[in-house]
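Subject: Structure for you to look at

Dear colleague,

Here is the structure I said I would pass on. My notes on it follow below.

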Amino acid sequence: MDIPILIKTFVAVFVLADAVGNIPILLVLTKGMEPEERNRVIDKAIVVAIGVLLLFAFAGKFILNYLDISFASLRVAGGLLLLLIALQMLRGDLDTPVIERERDVAITPLALPLLAGPGTLTTVMLLMSESPSPHVSVILGLLGAMFVTWLIMRLASNIDKWIGAEGEVIITQLLGFLLAALAVEIGSEGIRELFF
């Protein structure tokens, strides 16, 4: 086992998954849900994110090469998806409970692209190819980071009680703006790679 790669993977995946930063988004997307339902969404999102990360860790380069997709295109697509979510947040389209609209927010946007976004997928693929046999270290680092992310996101229900309805509106608007900026940053980085 390669300890430095394990630590590097853990830190990279945990930081990029940004559990703390995603809590307000989680609260907005699961508004109107009971804590048990919200926990089921979190569980599903983490499982899907882990599955996608492991898939890309082992087969990401092959999939992208087979489909003739570059990392830059992946970043542009992720940026556009996040921008659409940010615009919905800013317009207040996410104010109604999601369960009434039959949206599976666990898969999109929680698992993809928030927990397992272009940056995380790219990082995992690069770490897998960094040394001759880093597979076990990368997998353990990835699983450890996602476990800590899961624990933090499970605390979201407690945070929901503290901030109240007015706090949710303020956080939604502020986060929508920040998410739009992040989306533009991710997308523009991909555009720079594609054309410059």
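Helix 8 contributes six residues to the lining of the largest pocket, the most of any element. This is a predicted model, and the pocket holds about 470 Å³ of space. Its lining has 22 residues, and Leu16, Leu82, Leu114, Leu182 and Ile186 are the closest to the centre. By type, the lining residues are 12 nonpolar, seven polar and three charged. Besides helix 8, at least two lining residues each come from helix 1, helix 2, helix 4, helix 5 and helix 6.

On confidence, the mean pLDDT of the protein chain is 83, with 89% of residues at 70 or more. Among the elements, helix 8 has the lowest mean, 80, while helix 7 has the highest, 94. Where pLDDT is low, the predicted coordinates should not be read in detail.

The largest nonpolar core is made of 50 residues, and Leu53, Leu110, Leu115, Met146 and Leu179 have the most contacts inside it. Each of helices 1 to 8 supplies at least two residues of this core. Helix 3 (35-66) provides the largest share, 11 residues.

Which residues does methionine 146 touch, leaving aside neighbours within four places in sequence? Methionine 146 is in contact with Val13, Ile46, Ala49, Ile50, Leu53 and Leu115. Two of these contacts, Leu53 and Leu115, are also on the list of core residues with the most contacts.

Regards

Notes
Residues numbered from 1 in each chain as written. Predicted model: local features only at pLDDT ≥ 70, side-chain atom pairs only at ≥ 80, totals over all residues. Heavy atoms only, no water. Core = buried A, V, L, I, M, F, W, Y, C linked by side-chain atoms within 4.5 Å. Buried < 20%, exposed > 50% of the residue type's maximum accessible area, 1.4 Å probe, protein only. Helix = DSSP H or I, 4+ residues; strand = E, 2+ residues; numbered from the N terminus. Contact = heavy atoms within 4.5 Å. pLDDT = per-residue confidence, 0-100. 1 Å grid on protein atoms, 1.4 Å probe; cavity = no way out; pocket = protein on both sides within 12 Å on 5 of 7 lines; lining within 4 Å. Points joined across faces, edges and corners; volume = space filled by probe spheres on them. Nonpolar A, V, L, I, M, F, W, Y, C, P; charged D, E, K, R; others polar.
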